[in-house]
Amino acid sequence: MSINILSKDIYSKIAAGEVVERPASVVKELVENSIDAGATSVCVEISDSGKKLIKVVDNGIGISKDDLEKLFISHATSKVKVLNDIYNIKTLGFRGEALCSIAAVSKCTITTKQKGFELGHKIICIGGKRNEPEPISCNTGTIIEISDLFSNVPARKKFLKSDQSEKRQIEEILRRLAITNPSIRFEYKCDNNEPKIYEATLDIKKRVSGIFGSEVSDHLLEFQSMRKDTVIKGLICSPSYTTTASKMFYINVNGRFVKDLYLHKSILLGYSEFIPVGRNPAYFVSINVPSSDVDVNVHPTKIEVRFQNHAEIARILQSSVRDILLQKEVGASVVNYFEKTSGAAPSDYIQQSFARTHSSAANNADQVQVLQAPVIPDVIIRGKRFIQLHGRYIIEESQDGISVIDQHALHERILLEELKDKIRVADLPRQFLIIKSTISLPEDDLALLLKNKSLLETVGFCFELFGDQKIRILAVPAVLKDHSAEEICREFLGHLEDDDSTPEELLEEVLSVIACRTAVKFNDKLSEQEVDSLLEKRKKLVVKNHCAHGRNMEIKLTFNDLNKLFQRT
(Lines give C-alpha, C1' and ligand atoms only; values in the text may rest on other atoms or scores of the structure.)
Protein backbone atom coordinates (compact mmCIF):
# COMPACT_ATOMS: atom_id res chain seq x y z
CA MET A 1 0.00 0.00 0.00
CA SER A 2 1.54 3.32 -1.12
CA ILE A 3 1.57 6.47 1.01
CA ASN A 4 -0.57 9.34 -0.27
CA ILE A 5 0.01 13.01 0.49
CA LEU A 6 -3.37 14.43 1.46
CA SER A 7 -4.76 17.49 -0.27
CA LYS A 8 -5.27 20.70 1.69
CA ASP A 9 -9.04 20.21 1.49
CA ILE A 10 -8.85 16.77 3.12
CA TYR A 11 -6.32 17.52 5.85
CA SER A 12 -8.08 20.77 6.79
CA LYS A 13 -11.29 18.83 7.40
CA ILE A 14 -9.41 16.19 9.40
CA ALA A 15 -7.83 18.95 11.50
CA ALA A 16 -11.26 20.50 11.96
CA GLY A 17 -12.43 17.25 13.53
CA GLU A 18 -9.96 17.73 16.39
CA VAL A 19 -11.19 21.24 17.20
CA VAL A 20 -14.81 21.25 16.04
CA GLU A 21 -16.51 18.23 17.55
CA ARG A 22 -19.97 19.82 17.72
CA PRO A 23 -21.64 23.28 17.75
CA ALA A 24 -20.62 23.78 21.39
CA SER A 25 -16.96 23.52 20.33
CA VAL A 26 -17.45 26.44 17.96
CA VAL A 27 -19.11 28.53 20.68
CA LYS A 28 -16.22 27.80 23.04
CA GLU A 29 -13.53 28.84 20.56
CA LEU A 30 -15.30 32.02 19.44
CA VAL A 31 -16.19 33.24 22.94
CA GLU A 32 -12.66 32.54 24.16
CA ASN A 33 -11.38 34.71 21.30
CA SER A 34 -13.73 37.47 22.46
CA ILE A 35 -12.40 37.20 26.01
CA ASP A 36 -8.81 37.33 24.75
CA ALA A 37 -9.76 40.47 22.78
CA GLY A 38 -10.63 42.25 26.03
CA ALA A 39 -14.41 42.19 25.55
CA THR A 40 -16.56 43.30 28.49
CA SER A 41 -19.77 42.20 26.77
CA VAL A 42 -20.36 39.04 24.72
CA CYS A 43 -23.62 38.06 23.02
CA VAL A 44 -24.12 34.52 21.68
CA GLU A 45 -27.01 33.69 19.38
CA ILE A 46 -27.81 30.23 18.01
CA SER A 47 -30.40 28.79 15.68
CA ASP A 48 -31.29 25.14 15.13
CA SER A 49 -29.01 24.01 17.98
CA GLY A 50 -26.08 25.80 16.35
CA LYS A 51 -26.25 23.87 13.08
CA LYS A 52 -27.93 26.68 11.15
CA LEU A 53 -26.34 29.66 12.90
CA ILE A 54 -23.87 30.53 15.64
CA LYS A 55 -23.35 34.26 16.05
CA VAL A 56 -20.95 35.83 18.56
CA VAL A 57 -20.88 39.61 19.04
CA ASP A 58 -18.31 41.31 21.28
CA ASN A 59 -17.04 44.80 22.07
CA GLY A 60 -13.37 43.80 22.11
CA ILE A 61 -10.44 45.51 20.42
CA GLY A 62 -11.40 44.32 16.93
CA ILE A 63 -9.17 43.03 14.11
CA SER A 64 -7.12 45.05 11.64
CA LYS A 65 -7.60 44.62 7.88
CA ASP A 66 -4.13 43.11 7.51
CA ASP A 67 -4.77 40.53 10.25
CA LEU A 68 -8.22 39.78 8.84
CA GLU A 69 -6.58 38.43 5.70
CA LYS A 70 -4.47 36.01 7.79
CA LEU A 71 -7.28 34.67 10.00
CA PHE A 72 -8.04 31.57 7.95
CA ILE A 73 -4.44 30.45 7.55
CA SER A 74 -3.62 27.42 9.66
CA HIS A 75 -1.53 28.19 12.78
CA ALA A 76 -1.73 31.95 12.32
CA THR A 77 -1.82 33.52 15.79
CA SER A 78 -1.03 36.80 17.51
CA LYS A 79 -0.22 35.10 20.82
CA VAL A 80 2.92 33.12 20.05
CA LYS A 81 6.03 34.59 18.42
CA VAL A 82 8.88 32.43 19.73
CA LEU A 83 9.05 28.88 21.15
CA ASN A 84 9.29 29.99 24.78
CA ASP A 85 5.91 31.73 24.47
CA ILE A 86 4.24 28.31 24.42
CA TYR A 87 5.43 27.71 27.99
CA ASN A 88 4.16 31.04 29.27
CA ILE A 89 0.62 31.22 27.90
CA LYS A 90 -1.61 33.89 29.44
CA THR A 91 -4.47 33.75 26.92
CA LEU A 92 -7.21 31.19 26.29
CA GLY A 93 -6.34 30.72 22.62
CA PHE A 94 -2.85 30.50 21.19
CA ARG A 95 -2.59 27.78 18.53
CA GLY A 96 -4.11 29.75 15.65
CA GLU A 97 -6.13 26.80 14.38
CA ALA A 98 -9.70 27.44 15.55
CA LEU A 99 -10.99 29.83 12.87
CA CYS A 100 -9.21 27.95 10.11
CA SER A 101 -10.77 24.68 11.27
CA ILE A 102 -14.23 26.17 11.76
CA ALA A 103 -14.21 27.86 8.34
CA ALA A 104 -13.25 24.54 6.71
CA VAL A 105 -16.62 23.01 7.69
CA SER A 106 -18.98 26.00 7.49
CA LYS A 107 -19.66 29.44 6.07
CA CYS A 108 -17.84 31.97 8.26
CA THR A 109 -18.58 35.71 8.11
CA ILE A 110 -16.51 38.16 10.17
CA THR A 111 -17.33 41.83 10.60
CA THR A 112 -14.91 43.85 12.72
CA LYS A 113 -13.71 47.35 13.53
CA GLN A 114 -10.91 48.66 15.72
CA LYS A 115 -11.33 51.59 18.08
CA GLY A 116 -10.50 54.94 16.47
CA PHE A 117 -11.25 53.81 12.91
CA GLU A 118 -14.17 55.22 10.94
CA LEU A 119 -14.88 51.99 9.06
CA GLY A 120 -14.50 48.33 9.77
CA HIS A 121 -14.12 45.39 7.39
CA LYS A 122 -16.04 42.27 6.47
CA ILE A 123 -14.69 38.96 5.18
CA ILE A 124 -16.44 35.73 4.18
CA CYS A 125 -14.90 32.26 4.06
CA ILE A 126 -16.86 29.26 2.75
CA GLY A 127 -15.40 25.77 3.08
CA GLY A 128 -11.93 27.24 3.58
CA LYS A 129 -12.08 29.63 0.60
CA ARG A 130 -12.29 33.34 1.40
CA ASN A 131 -12.96 36.59 -0.42
CA GLU A 132 -11.10 39.85 0.02
CA PRO A 133 -12.03 42.06 3.03
CA GLU A 134 -14.57 44.76 2.21
CA PRO A 135 -15.05 48.09 4.04
CA ILE A 136 -18.23 48.31 6.12
CA SER A 137 -19.78 50.59 8.71
CA CYS A 138 -20.07 48.80 12.08
CA ASN A 139 -19.50 49.16 15.82
CA THR A 140 -16.14 48.68 17.49
CA GLY A 141 -15.55 45.01 18.20
CA THR A 142 -16.12 41.82 16.25
CA ILE A 143 -19.13 39.88 14.94
CA ILE A 144 -18.53 36.30 13.83
CA GLU A 145 -21.35 34.34 12.15
CA ILE A 146 -20.98 30.61 11.53
CA SER A 147 -23.74 29.19 9.35
CA ASP A 148 -24.46 25.79 7.83
CA LEU A 149 -22.07 23.97 10.16
CA PHE A 150 -20.90 20.60 8.76
CA SER A 151 -22.91 21.15 5.54
CA ASN A 152 -19.88 20.05 3.50
CA VAL A 153 -19.14 17.07 5.78
CA PRO A 154 -22.55 15.38 6.22
CA ALA A 155 -20.90 12.35 7.82
CA ARG A 156 -19.97 14.55 10.80
CA LYS A 157 -23.43 16.07 10.97
CA LYS A 158 -25.23 12.76 11.29
CA PHE A 159 -23.22 11.89 14.42
CA LEU A 160 -24.49 14.91 16.33
CA LYS A 161 -26.88 14.16 19.17
CA SER A 162 -30.46 15.41 19.49
CA ASP A 163 -31.19 19.14 19.21
CA GLN A 164 -31.92 19.32 22.94
CA SER A 165 -28.63 17.63 23.79
CA GLU A 166 -26.63 19.96 21.54
CA LYS A 167 -28.34 22.97 23.12
CA ARG A 168 -27.46 21.70 26.58
CA GLN A 169 -23.83 21.34 25.54
CA ILE A 170 -23.76 24.94 24.31
CA GLU A 171 -25.42 26.18 27.50
CA GLU A 172 -22.89 24.29 29.61
CA ILE A 173 -20.00 25.85 27.68
CA LEU A 174 -21.47 29.29 28.30
CA ARG A 175 -21.97 28.52 32.00
CA ARG A 176 -18.31 27.54 32.30
CA LEU A 177 -17.16 30.72 30.59
CA ALA A 178 -19.58 32.92 32.56
CA ILE A 179 -18.54 31.44 35.91
CA THR A 180 -14.86 31.81 35.06
CA ASN A 181 -15.34 35.42 33.86
CA PRO A 182 -17.94 37.09 36.13
CA SER A 183 -16.70 40.60 35.18
CA ILE A 184 -17.95 40.07 31.60
CA ARG A 185 -21.60 40.54 30.64
CA PHE A 186 -22.97 37.51 28.77
CA GLU A 187 -26.15 37.36 26.73
CA TYR A 188 -27.48 34.14 25.18
CA LYS A 189 -30.25 33.92 22.59
CA CYS A 190 -31.60 30.56 21.45
CA ASP A 191 -33.96 30.57 18.47
CA ASN A 192 -36.93 32.82 19.33
CA ASN A 193 -36.75 32.37 23.09
CA GLU A 194 -36.25 35.21 25.55
CA PRO A 195 -32.52 36.00 25.89
CA LYS A 196 -30.71 34.88 29.02
CA ILE A 197 -28.52 37.63 30.47
CA TYR A 198 -25.75 37.37 33.06
CA GLU A 199 -24.86 40.91 34.08
CA ALA A 200 -21.22 41.71 34.83
CA THR A 201 -20.27 41.48 38.50
CA LEU A 202 -17.18 41.28 40.68
CA ASP A 203 -19.00 38.89 43.03
CA ILE A 204 -18.69 35.26 41.89
CA LYS A 205 -21.53 34.30 44.24
CA LYS A 206 -23.88 36.65 42.38
CA ARG A 207 -22.83 35.11 39.08
CA VAL A 208 -23.52 31.59 40.42
CA SER A 209 -26.89 32.79 41.75
CA GLY A 210 -27.73 34.28 38.35
CA ILE A 211 -27.00 30.99 36.65
CA PHE A 212 -28.20 28.35 39.11
CA GLY A 213 -30.54 30.35 41.35
CA SER A 214 -30.48 31.24 45.02
CA GLU A 215 -31.27 27.62 45.94
CA VAL A 216 -27.63 26.89 45.10
CA SER A 217 -25.92 30.16 46.07
CA ASP A 218 -27.56 30.25 49.50
CA HIS A 219 -25.73 27.02 50.41
CA LEU A 220 -22.28 28.18 49.32
CA LEU A 221 -19.27 28.85 51.55
CA GLU A 222 -16.44 31.13 50.37
CA PHE A 223 -12.77 30.34 50.93
CA GLN A 224 -9.32 31.54 49.88
CA SER A 225 -5.81 30.13 50.38
CA MET A 226 -2.49 31.69 49.42
CA ARG A 227 0.79 29.79 49.35
CA LYS A 228 3.80 31.47 47.73
CA ASP A 229 2.75 32.16 44.12
CA THR A 230 -0.40 30.01 44.29
CA VAL A 231 -3.83 31.46 45.07
CA ILE A 232 -6.80 29.10 45.41
CA LYS A 233 -10.23 30.56 46.08
CA GLY A 234 -13.86 29.89 45.35
CA LEU A 235 -17.15 28.59 46.62
CA ILE A 236 -18.06 25.17 47.95
CA CYS A 237 -21.48 23.99 49.09
CA SER A 238 -22.39 23.10 52.65
CA PRO A 239 -22.65 19.34 53.35
CA SER A 240 -26.44 19.63 53.50
CA TYR A 241 -26.52 20.49 49.77
CA THR A 242 -25.20 17.38 48.05
CA THR A 243 -26.67 14.92 45.57
CA THR A 244 -25.81 11.63 43.91
CA ALA A 245 -25.67 13.49 40.59
CA SER A 246 -22.37 14.82 39.24
CA LYS A 247 -23.15 18.24 37.81
CA MET A 248 -21.80 21.38 39.44
CA PHE A 249 -18.05 20.78 39.31
CA TYR A 250 -16.24 23.90 38.11
CA ILE A 251 -12.47 24.37 38.30
CA ASN A 252 -10.62 27.06 36.40
CA VAL A 253 -6.87 27.50 36.19
CA ASN A 254 -5.67 31.01 35.34
CA GLY A 255 -9.11 31.77 33.91
CA ARG A 256 -9.37 28.54 31.89
CA PHE A 257 -12.05 25.95 32.73
CA VAL A 258 -10.43 22.53 33.15
CA LYS A 259 -11.35 19.00 34.09
CA ASP A 260 -8.91 17.48 36.56
CA LEU A 261 -9.79 14.19 38.26
CA TYR A 262 -6.89 14.51 40.70
CA LEU A 263 -8.08 17.91 41.95
CA HIS A 264 -11.70 16.72 41.99
CA LYS A 265 -10.72 13.83 44.24
CA SER A 266 -8.81 16.18 46.52
CA ILE A 267 -11.99 18.24 46.99
CA LEU A 268 -13.97 15.09 47.78
CA LEU A 269 -11.29 14.10 50.30
CA GLY A 270 -11.78 17.48 51.96
CA TYR A 271 -15.45 16.60 52.34
CA SER A 272 -14.83 12.99 53.40
CA GLU A 273 -15.56 13.60 57.09
CA PHE A 274 -18.75 15.51 56.33
CA ILE A 275 -20.70 13.63 53.66
CA PRO A 276 -21.28 9.94 52.96
CA VAL A 277 -19.65 8.10 50.06
CA GLY A 278 -21.65 8.52 46.88
CA ARG A 279 -22.79 12.08 47.58
CA ASN A 280 -21.39 14.92 45.47
CA PRO A 281 -20.95 18.56 46.51
CA ALA A 282 -21.18 21.58 44.23
CA TYR A 283 -18.02 23.64 43.92
CA PHE A 284 -16.66 26.62 41.97
CA VAL A 285 -12.90 26.80 42.38
CA SER A 286 -10.38 29.23 40.88
CA ILE A 287 -6.66 28.38 40.87
CA ASN A 288 -4.10 31.02 39.96
CA VAL A 289 -0.48 29.99 39.46
CA PRO A 290 2.40 31.51 37.46
CA SER A 291 1.75 30.74 33.78
CA SER A 292 5.21 29.15 33.56
CA ASP A 293 4.12 26.56 36.18
CA VAL A 294 1.27 25.13 34.09
CA ASP A 295 1.30 23.56 30.62
CA VAL A 296 -1.96 24.24 28.79
CA ASN A 297 -0.83 22.62 25.55
CA VAL A 298 -1.51 18.99 26.50
CA HIS A 299 -5.02 18.45 25.12
CA PRO A 300 -6.61 19.14 21.69
CA THR A 301 -9.44 21.19 23.24
CA LYS A 302 -7.31 22.49 26.15
CA ILE A 303 -9.77 20.99 28.65
CA GLU A 304 -6.85 19.48 30.59
CA VAL A 305 -3.63 21.06 31.84
CA ARG A 306 -0.44 19.80 33.45
CA PHE A 307 0.90 21.37 36.65
CA GLN A 308 4.51 21.59 37.69
CA ASN A 309 3.42 21.02 41.32
CA HIS A 310 0.18 19.06 40.95
CA ALA A 311 0.41 17.25 44.30
CA GLU A 312 1.05 20.45 46.25
CA ILE A 313 -1.97 22.19 44.70
CA ALA A 314 -4.15 19.16 45.46
CA ARG A 315 -2.95 19.17 49.06
CA ILE A 316 -3.71 22.88 49.49
CA LEU A 317 -7.13 22.43 47.92
CA GLN A 318 -8.02 19.48 50.15
CA SER A 319 -6.96 21.22 53.36
CA SER A 320 -8.71 24.46 52.31
CA VAL A 321 -12.01 22.65 51.79
CA ARG A 322 -11.76 20.80 55.09
CA ASP A 323 -10.74 23.92 57.01
CA ILE A 324 -13.61 26.06 55.74
CA LEU A 325 -16.15 23.36 56.56
CA LEU A 326 -14.82 23.25 60.12
CA GLN A 327 -14.51 27.03 60.48
CA LYS A 328 -18.08 27.67 59.38
CA GLU A 329 -19.31 25.37 62.13
CA VAL A 330 -21.34 23.16 59.88
CA GLY A 331 -21.55 20.49 62.54
CA ALA A 332 -25.26 20.89 63.17
CA SER A 333 -26.12 20.64 59.52
CA VAL A 334 -23.93 17.54 59.23
CA VAL A 335 -25.86 15.86 62.02
CA ASN A 336 -29.18 16.84 60.48
CA TYR A 337 -28.05 15.64 57.09
CA PHE A 338 -27.02 12.20 58.32
CA GLU A 339 -30.24 11.89 60.30
CA LYS A 340 -32.18 12.73 57.18
CA THR A 341 -30.35 10.41 54.81
CA SER A 342 -29.42 7.52 57.09
CA GLY A 343 -31.42 7.44 60.27
CA ALA A 344 -34.77 9.05 59.62
CA ALA A 345 -37.99 7.22 60.38
CA PRO A 346 -38.79 4.98 57.39
CA SER A 347 -41.61 5.48 54.96
CA ASP A 348 -44.74 3.37 54.86
CA TYR A 349 -43.18 1.42 52.03
CA ILE A 350 -40.37 0.19 54.26
CA GLN A 351 -42.83 -0.58 57.04
CA GLN A 352 -44.86 -2.74 54.68
CA SER A 353 -41.73 -4.38 53.33
CA PHE A 354 -40.38 -5.41 56.72
CA ALA A 355 -43.35 -4.82 59.05
CA ARG A 356 -41.16 -2.80 61.37
CA THR A 357 -40.34 0.75 62.41
CA HIS A 358 -36.88 2.29 62.44
CA SER A 359 -36.09 4.45 65.40
CA SER A 360 -35.27 7.99 64.29
CA ALA A 361 -31.82 9.30 65.05
CA ALA A 362 -33.41 12.74 65.30
CA ASN A 363 -34.77 11.84 68.75
CA ASN A 364 -31.21 11.41 69.98
CA ALA A 365 -29.58 14.33 68.16
CA ASP A 366 -28.26 15.81 71.39
CA GLN A 367 -26.23 12.65 71.99
CA VAL A 368 -24.60 12.68 68.56
CA GLN A 369 -21.01 13.91 68.41
CA VAL A 370 -20.22 15.56 65.11
CA LEU A 371 -17.56 13.81 63.00
CA GLN A 372 -17.49 10.75 65.30
CA ALA A 373 -18.32 7.32 63.97
CA PRO A 374 -21.75 6.04 65.00
CA VAL A 375 -21.76 3.82 68.07
CA ILE A 376 -23.40 0.43 67.54
CA PRO A 377 -23.53 -1.48 70.84
CA ASP A 378 -24.40 -4.84 69.29
CA VAL A 379 -21.95 -5.51 66.49
CA ILE A 380 -23.48 -8.87 65.56
CA ILE A 381 -27.10 -9.94 65.12
CA ARG A 382 -27.20 -13.73 65.05
CA GLY A 383 -29.66 -15.89 63.15
CA LYS A 384 -29.96 -19.54 62.29
CA ARG A 385 -27.70 -19.38 59.27
CA PHE A 386 -26.39 -15.83 59.24
CA ILE A 387 -24.97 -12.94 61.25
CA GLN A 388 -25.39 -9.22 60.69
CA LEU A 389 -22.04 -7.50 61.09
CA HIS A 390 -21.89 -3.91 62.42
CA GLY A 391 -25.30 -3.14 60.97
CA ARG A 392 -23.72 -3.22 57.53
CA TYR A 393 -23.15 -6.67 56.10
CA ILE A 394 -24.96 -9.98 56.33
CA ILE A 395 -22.73 -13.04 56.41
CA GLU A 396 -24.65 -16.14 55.37
CA GLU A 397 -23.66 -19.78 55.42
CA SER A 398 -23.86 -21.68 52.16
CA GLN A 399 -23.21 -25.32 51.28
CA ASP A 400 -19.75 -24.61 49.90
CA GLY A 401 -18.68 -21.62 52.06
CA ILE A 402 -20.09 -18.20 52.97
CA SER A 403 -21.68 -15.20 51.25
CA VAL A 404 -21.00 -11.61 52.35
CA ILE A 405 -24.00 -9.44 51.44
CA ASP A 406 -24.28 -5.64 51.38
CA GLN A 407 -27.61 -5.12 53.15
CA HIS A 408 -28.31 -1.74 51.52
CA ALA A 409 -27.50 -2.98 48.01
CA LEU A 410 -29.66 -6.09 48.48
CA HIS A 411 -32.65 -4.17 49.83
CA GLU A 412 -32.26 -1.56 47.09
CA ARG A 413 -32.38 -4.26 44.41
CA ILE A 414 -35.42 -5.91 46.03
CA LEU A 415 -37.27 -2.58 46.22
CA LEU A 416 -36.38 -1.71 42.63
CA GLU A 417 -37.81 -4.97 41.33
CA GLU A 418 -40.96 -4.52 43.44
CA LEU A 419 -41.38 -0.95 42.14
CA LYS A 420 -41.00 -2.15 38.55
CA ASP A 421 -43.69 -4.79 39.13
CA LYS A 422 -46.05 -2.22 40.66
CA ILE A 423 -45.63 0.39 37.92
CA ARG A 424 -46.46 -2.16 35.24
CA VAL A 425 -49.94 -2.30 36.76
CA ALA A 426 -50.55 1.31 37.80
CA ASP A 427 -48.84 4.61 38.59
CA LEU A 428 -47.10 4.74 41.96
CA PRO A 429 -49.01 6.42 44.82
CA ARG A 430 -48.25 10.11 45.30
CA GLN A 431 -48.30 12.34 48.35
CA PHE A 432 -49.64 15.83 47.65
CA LEU A 433 -47.79 18.54 49.54
CA ILE A 434 -49.64 20.86 51.90
CA ILE A 435 -46.80 23.38 51.62
CA LYS A 436 -45.67 23.46 48.00
CA SER A 437 -41.95 23.74 47.25
CA THR A 438 -40.83 26.32 44.67
CA ILE A 439 -37.47 25.84 42.93
CA SER A 440 -35.50 27.97 40.45
CA LEU A 441 -33.77 25.90 37.79
CA PRO A 442 -31.25 26.49 35.01
CA GLU A 443 -32.89 26.51 31.59
CA ASP A 444 -31.55 23.11 30.53
CA ASP A 445 -32.68 21.45 33.79
CA LEU A 446 -36.13 22.95 33.36
CA ALA A 447 -36.29 21.67 29.78
CA LEU A 448 -35.22 18.24 31.01
CA LEU A 449 -38.00 18.14 33.62
CA LEU A 450 -40.63 19.27 31.12
CA LYS A 451 -39.46 16.69 28.61
CA ASN A 452 -39.88 13.92 31.21
CA LYS A 453 -42.97 15.32 32.96
CA SER A 454 -45.22 12.37 32.06
CA LEU A 455 -42.61 9.85 33.17
CA LEU A 456 -42.14 11.60 36.51
CA GLU A 457 -45.88 11.73 37.10
CA THR A 458 -46.09 7.95 36.76
CA VAL A 459 -43.79 7.62 39.79
CA GLY A 460 -45.72 10.24 41.77
CA PHE A 461 -43.63 13.38 41.19
CA CYS A 462 -45.89 16.20 40.01
CA PHE A 463 -45.01 19.84 39.35
CA GLU A 464 -46.15 22.92 37.46
CA LEU A 465 -44.41 25.95 35.96
CA PHE A 466 -44.37 28.86 38.39
CA GLY A 467 -42.90 32.02 36.92
CA ASP A 468 -39.63 32.51 35.07
CA GLN A 469 -37.57 29.32 35.18
CA LYS A 470 -39.29 28.12 38.32
CA ILE A 471 -41.39 25.10 39.16
CA ARG A 472 -43.74 24.42 42.03
CA ILE A 473 -43.69 20.85 43.28
CA LEU A 474 -47.21 19.61 43.93
CA ALA A 475 -46.63 15.99 44.90
CA VAL A 476 -43.83 13.49 45.54
CA PRO A 477 -43.79 9.69 45.50
CA ALA A 478 -45.66 8.56 48.62
CA VAL A 479 -42.72 6.43 49.71
CA LEU A 480 -40.56 9.58 49.81
CA LYS A 481 -43.02 11.79 51.68
CA ASP A 482 -40.54 12.34 54.53
CA HIS A 483 -37.77 13.51 52.17
CA SER A 484 -37.05 17.00 50.89
CA ALA A 485 -39.01 17.67 47.68
CA GLU A 486 -36.16 19.83 46.37
CA GLU A 487 -33.60 17.08 46.92
CA ILE A 488 -35.86 14.53 45.23
CA CYS A 489 -36.09 16.85 42.22
CA ARG A 490 -32.30 17.24 42.04
CA GLU A 491 -31.80 13.48 42.35
CA PHE A 492 -34.22 12.81 39.49
CA LEU A 493 -32.55 15.45 37.30
CA GLY A 494 -29.20 13.77 37.79
CA HIS A 495 -30.57 10.56 36.28
CA LEU A 496 -32.46 12.01 33.31
CA GLU A 497 -29.61 13.47 31.27
CA ASP A 498 -28.68 10.62 28.96
CA ASP A 499 -30.24 11.31 25.56
CA ASP A 500 -29.31 7.83 24.36
CA SER A 501 -31.49 6.15 26.98
CA THR A 502 -34.89 4.72 26.08
CA PRO A 503 -37.98 5.77 28.11
CA GLU A 504 -37.85 2.37 29.81
CA GLU A 505 -34.23 2.90 30.83
CA LEU A 506 -34.97 6.40 32.14
CA LEU A 507 -37.91 5.05 34.14
CA GLU A 508 -35.66 2.45 35.72
CA GLU A 509 -33.13 5.17 36.59
CA VAL A 510 -35.84 7.17 38.37
CA LEU A 511 -37.12 4.07 40.16
CA SER A 512 -33.58 3.29 41.28
CA VAL A 513 -33.45 6.72 42.99
CA ILE A 514 -36.62 5.87 44.91
CA ALA A 515 -35.31 2.42 45.81
CA CYS A 516 -31.96 3.80 46.99
CA ARG A 517 -33.54 6.44 49.20
CA THR A 518 -35.98 4.03 50.84
CA ALA A 519 -33.68 1.04 51.31
CA VAL A 520 -32.10 0.26 54.68
CA LYS A 521 -28.80 2.06 55.16
CA PHE A 522 -25.43 1.17 56.59
CA ASN A 523 -25.59 1.09 60.39
CA ASP A 524 -29.27 0.10 60.41
CA LYS A 525 -29.59 -2.79 62.83
CA LEU A 526 -32.01 -5.44 61.61
CA SER A 527 -33.81 -8.08 63.62
CA GLU A 528 -33.42 -11.76 62.84
CA GLN A 529 -36.83 -11.77 61.16
CA GLU A 530 -35.95 -8.79 59.00
CA VAL A 531 -32.70 -10.35 57.76
CA ASP A 532 -34.60 -13.58 57.10
CA SER A 533 -37.13 -11.60 55.04
CA LEU A 534 -34.33 -10.03 52.97
CA LEU A 535 -32.69 -13.37 52.28
CA GLU A 536 -35.99 -14.99 51.32
CA LYS A 537 -36.80 -12.19 48.88
CA ARG A 538 -33.32 -12.47 47.43
CA LYS A 539 -34.17 -15.97 46.18
CA LYS A 540 -36.81 -14.51 43.85
CA LEU A 541 -34.47 -11.95 42.27
CA VAL A 542 -33.48 -12.39 38.63
CA VAL A 543 -30.49 -10.06 39.07
CA LYS A 544 -28.63 -11.33 42.13
CA ASN A 545 -25.11 -9.94 41.78
CA HIS A 546 -25.34 -6.14 41.79
CA CYS A 547 -27.52 -3.24 42.92
CA ALA A 548 -29.17 -0.68 40.64
CA HIS A 549 -25.93 1.37 40.56
CA GLY A 550 -23.78 -1.57 39.45
CA ARG A 551 -22.08 -2.18 42.81
CA ASN A 552 -21.53 -5.69 44.07
CA MET A 553 -24.42 -6.94 46.15
CA GLU A 554 -22.85 -10.19 47.24
CA ILE A 555 -19.39 -11.72 47.39
CA LYS A 556 -19.05 -15.50 47.75
CA LEU A 557 -16.11 -17.20 49.44
CA THR A 558 -15.94 -20.95 48.89
CA PHE A 559 -14.08 -23.34 51.16
CA ASN A 560 -11.36 -23.46 48.51
CA ASP A 561 -11.06 -19.63 48.70
CA LEU A 562 -10.88 -19.76 52.49
CA ASN A 563 -8.34 -22.60 52.44
CA LYS A 564 -6.10 -20.55 50.15
CA LEU A 565 -6.38 -17.50 52.40
CA PHE A 566 -5.37 -19.58 55.42
CA GLN A 567 -2.73 -21.46 53.41
CA ARG A 568 -4.47 -24.80 53.87
CA THR A 569 -3.99 -26.95 50.80
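Asn-254 lies in the loop that connects strand S13 (249–253) with strand S14 (256–258), where helices (H or I, at least four residues) and strands (E, at least two) are DSSP runs numbered from the N terminus. The model is a predicted one, in which local features need pLDDT of at least 70 and side-chain atom pairs count only at pLDDT 80 or more, whereas totals for chains, interfaces and linings use all residues. Residues are numbered from 1 along each chain as its sequence is written, and side-chain values use heavy atoms, with hydrogens and water left out.

Although Asn-254 is not a glycine, its phi is positive, at about 50°. Asn-254 has a relative accessible area of 27% and is partly exposed, a class that falls between buried (under 20% relative accessible area) and exposed (over 50%), as computed with a 1.4 Å probe on protein chains only. Asp-148, likewise not a glycine, has a positive phi of about 55°; Asp-148 is found in the loop between strand S7 (141–147) and helix H5 (154–157), and counts as partly exposed at 42% relative accessibility.

When neighbours within four places in sequence are left aside, Phe-284 is in contact (heavy atoms within 4.5 Å) with residues including Ile-179, Val-208, Phe-212, Leu-220, Lys-233 and Tyr-250.
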